[in-house]
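Please walk me through this chain, from its overall fold to its charged side chains. I would like the cut-offs stated along the way.

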Amino acid sequence: MSTESIVMTRVDDLRRQALKQLEQLEVLMRRGHFDYGNGYHGRVYLNPHQLFRHPSTIWRLAQDLLDVLPSALLEQTEVVAGPVMGGALLAHTLAGLLDGRRALTHPPCSFAPFSGRGDQDFTLRGFYAREMAGKRVLLADDVRNTGKTFQRCAELVKEAGGTVIATAEICDRMEAMVDVGVPNYALAEYKAPENYAAADCPLCAAGDPITSF
């Protein structure tokens, strides 16, 4: 077996283990009846709050995510940035773990959070924008849905004079509608089944109660 095949097999194993762990931790909830708050219902919900409930969980998953990323990319990364709240926590963890893998003589990796709420409401404080100028940036988030959050963050990095070299997340829902134009890496991938308009939801029609947690 070639070195490349061994690496791909290990990455596949990591992804399978991560998907199983996300379900065990009830981050990936696949057997409920969820009201998404946007007019749609469905069986599947990704609960990022459960992901960050215990710091050791995200610490372990972040290490596995680093193992999925190409070594050349990790060597180039100068800043890891992510949107509040989950993406910023993941980015901060990744930046710290990345420094632990590199030589002591390597310049330390910086961290930058994007503030705000919603796909189009993020901002980058001047302090972090100045630190990002001229740097190579890895964007991180807990979950990738439509990809719009990454798109907005990439725009802010460009405005600050930085360069996005890749995006990465714990779980990709395989529903991205926009392309940032750089490689994307996910620790786990899960394509959710079809969602239903609340007025036509078969789960409601069957009398299944809305899942609460």
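Of the 213 residues in the chain, 42% are buried, where buried means under 20% relative accessible area, exposed over 50%, and partly exposed in between (1.4 Å probe, protein chains only). This is a predicted model, in which local features need pLDDT of at least 70 and side-chain atom pairs count only at pLDDT 80 or more, while totals for chains, interfaces and linings use all residues. Residues are numbered from 1 along each chain as its sequence is written, and side-chain values use heavy atoms, with hydrogens and water left out.

The secondary structure consists of eight helices and ten strands; helices (H or I, at least four residues) and strands (E, at least two) are DSSP runs, numbered from the N terminus. Along the principal axes, the C-alpha atoms fill a box of roughly 60 × 45 × 30 Å. Of the contacts between residues at least 6 apart in sequence, 67% join residues at least 24 apart, a contact being heavy atoms within 4.5 Å.

The chain carries 22 positive and 26 negative side chains, and the centres of the two sets lie 3 Å apart. Here Lys and Arg count as positive and Asp and Glu as negative, without His and the chain ends; each charge is placed at NZ of Lys, CZ of Arg, CG of Asp or CD of Glu.

Side chains of opposite charge can pair when their charged atoms come close. There are ten salt bridges, each defined as a side-chain nitrogen of Lys or Arg within 4 Å of a carboxyl oxygen of Asp or Glu.

One of them joins R16 and D13 at 2.3 Å, N to O. Both residues lie in helix α1 (residues 3-24), three residues apart, about one turn of the helix. R16 is exposed at 53% relative accessible area, and D13 is partly exposed at 29%.

Another salt bridge pairs D208 with R43 at 3.4 Å, N to O. This pair links distant parts of the chain, 165 residues apart: D208 is in the segment after α8 (202-205), and R43 is in the loop between β3 (40-42) and β4 (45-46). D208 is partly exposed at 28% relative accessibility, as is R43 at 34%.

R173 and E175 also form a salt bridge, at 3.9 Å, N to O. R173 is buried, with a relative accessible area of 16%, whereas E175 is partly exposed at 29%. Elsewhere, salt bridges that share partners join E23, R30 and R31 into one network.
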